[in-house]
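Please walk through the arrangement of strands and helices in the following model. The account takes one chain and then the other.

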Amino acid sequence: MNRLDGKIALITGSGAETLKSEVLGIGGATVIEFCKEGATVIISDVFDKEGSEFASELKSKGYDVYYKHIDVTKNADWDNVISWIEKTFGKLDILVNNAGISMPINLFTTTEADWDKTNDVNSKGCFLGMKAASALMQKNNSGSIVNISSMYGLVGSPYSVGYHASKGAVRLMSKAAAIQLAPYKIRVNSVCPGMVMSPMQVRKKANISSEKWEEFVGFLEDSPLNKAKKEWIPTSQIGLGIVYLASDEAQWVTGTDLVIDGGQTAQ
Amino acid sequence: MTNRLDGKVALITGSGGALFDSEFGLGFGGSSAFRFCQEGATVIVSDINDDIGQQFTEELKEKGFNAHYKHLDTTNETEWKKLLIG
Ligand SMILES: NC(=O)c1ccc[n+]([C@@H]2O[C@H](COP(=O)([O-])OP(=O)(O)OC[C@H]3O[C@@H](n4cnc5c(N)ncnc54)[C@H](O)[C@@H]3O)[C@@H](O)[C@H]2O)c1
């Protein structure tokens, strides 16, 4: 398939797992969907060993991928990689701001440090990425930025507080950027996933008591499609939504949210 | 041509109101019918405008697509039943 032929794409938080891992994150799964559609993909993460190995695995399958270190909270990391992309490819077509963290802590249990960490990665990271990438995209007068928010950016829950704030921030900074970048024909959209079985959830399961996990998983029952299918949303399904927004098929789509949550927030 | 809708049977209402060379081009329905065909679907074009709808369906068939025309006034439940159940 060729929906992203000739496109250069940078995806953050996409290199913490390899093909040998139990499950890929949304970032890794998106890398694979992008490769299948013909894109050149720059995998980036803070896990350099895994990220480089993931890139080698995909290269050996004939895909055009590279690994670069980006801690999304560090402006210098963004500058390094964006200038490498400019030197190497002369352009950047797509940025997926996927890197994110979540902790099962609510208003009562969140410390100031927890708040800062969550909002640094999820919210500031997204801002720094849009700023750095759009500077290069502007030179080409085109581009598509896809920011990963969450259904938790649309509604609240008993489980988190800083995460909701950070994901709400992602959605609204996407809309503001969509307006400010439209003169350069750069589109900005966000994706709001629901309950997705990724390493984030695998870790959550390992870190909380089994009762807490049961209570959390009970939440799956709240989503009409998850309930009907009796399963979590696979990461590749989020990747396919991102492919659409990133591709020229979505030429007139900007400033919007693509909600992929099995109907959870429809009710 | 790709195959994102291979094996799917799709009904599109209000898709038979224009032809490929109509003055203002195809509407949303007709464009969707064409795109669905390109992606491998079998498409049931439906409209209240039977003459144009049938001609449009012929145009799709001439391009080698799997298209059928059926009359459907979407405000009429009897017509829905007739079309879906026979
Ligand atoms: N899994 C879900 O149910 C779900 C639901 C809604 C939204 N999301 C969002 O989707 C995105 C991907 O999540 P996932 O479920 O694949 O989780 P994940 O934990 O598997 O992936 C997150 C990735 O971000 C990377 N990362 C963390 N901090 C970073 C930093 N400072 N700089 C660069 N990379 C960093 C991690 O190494 C990892 O590769 C996140 O933004 C998350 O909030 C996930």
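In which sense do strand 2 and strand 3 of chain B pair, and over how many bridges? In this predicted model, strand 2 of chain B and strand 3 of chain B (residues 67–71) pair in the parallel sense, over 5 bridges. Within this pairing, B:Val43 stands opposite B:Ala67 of strand 3.

Helix 1 of chain B (residues 28–38) belongs to a right-handed β-α-β unit with strand 1 and strand 2 of chain B. Strand 2 of chain B, which spans residues 42–47, is mostly covered, with 5 of its 6 residues buried.

Attention now turns to chain A. In chain A, 7 strands form an open sheet with parallel pairing, in the order 3-2-1-4-5-6-7. Strand 3 (65–69) and strand 7 (257–260) of chain A stand at the edges with a single partner strand each, so one side of each has no neighbour in the sheet. From one strand to the next, the twist averages 20°. Strand 1 of chain A (residues 8–11) is joined to strand 4 of chain A (residues 94–97) by 3 bridges, and the two run parallel. The bridge partner of A:Ile11 in strand 4 of chain A is A:Val96.

Helix 1 of chain A (residues 26–36) packs on this sheet, where it touches strand 1, strand 2 (40–45), strand 3, strand 4 and strand 6 (186–193) of chain A. The direction of helix 1 of chain A makes about 170° with that of strand 1 of chain A. Is helix 1 of chain A mostly covered or mostly uncovered? Helix 1 of chain A is mostly covered, as 9 of its 11 residues are buried. The buried residues of helix 1 of chain A include A:Ile26, A:Gly27, A:Gly28, A:Ala29 and A:Thr30, and also A:Val31, A:Glu33, A:Phe34 and A:Cys35. After helix 1 of chain A comes A:Gly38, which has a positive phi near 95°.

Helix 2 of chain A (residues 48–60) lies across strand 2 and strand 3 of chain A. Helix 2 of chain A runs at about 170° to strand 3 of chain A.

Terms used. Residues numbered from 1 in each chain as written. Chains lettered and ligands numbered in written order. Predicted model: local features only at pLDDT ≥ 70, side-chain atom pairs only at ≥ 80, totals over all residues. Heavy atoms only, no water. Buried < 20%, exposed > 50% of the residue type's maximum accessible area, 1.4 Å probe, protein only. Helix = DSSP H or I, 4+ residues; strand = E, 2+ residues; numbered from the N terminus. Right-handed = clockwise from strand over helix to strand, strands pointing away. Pairing = 2+ DSSP bridges. Axes fitted to C-alpha atoms, helices over the stretch in contact; angles between N-to-C directions. Contact = heavy atoms within 4.5 Å.
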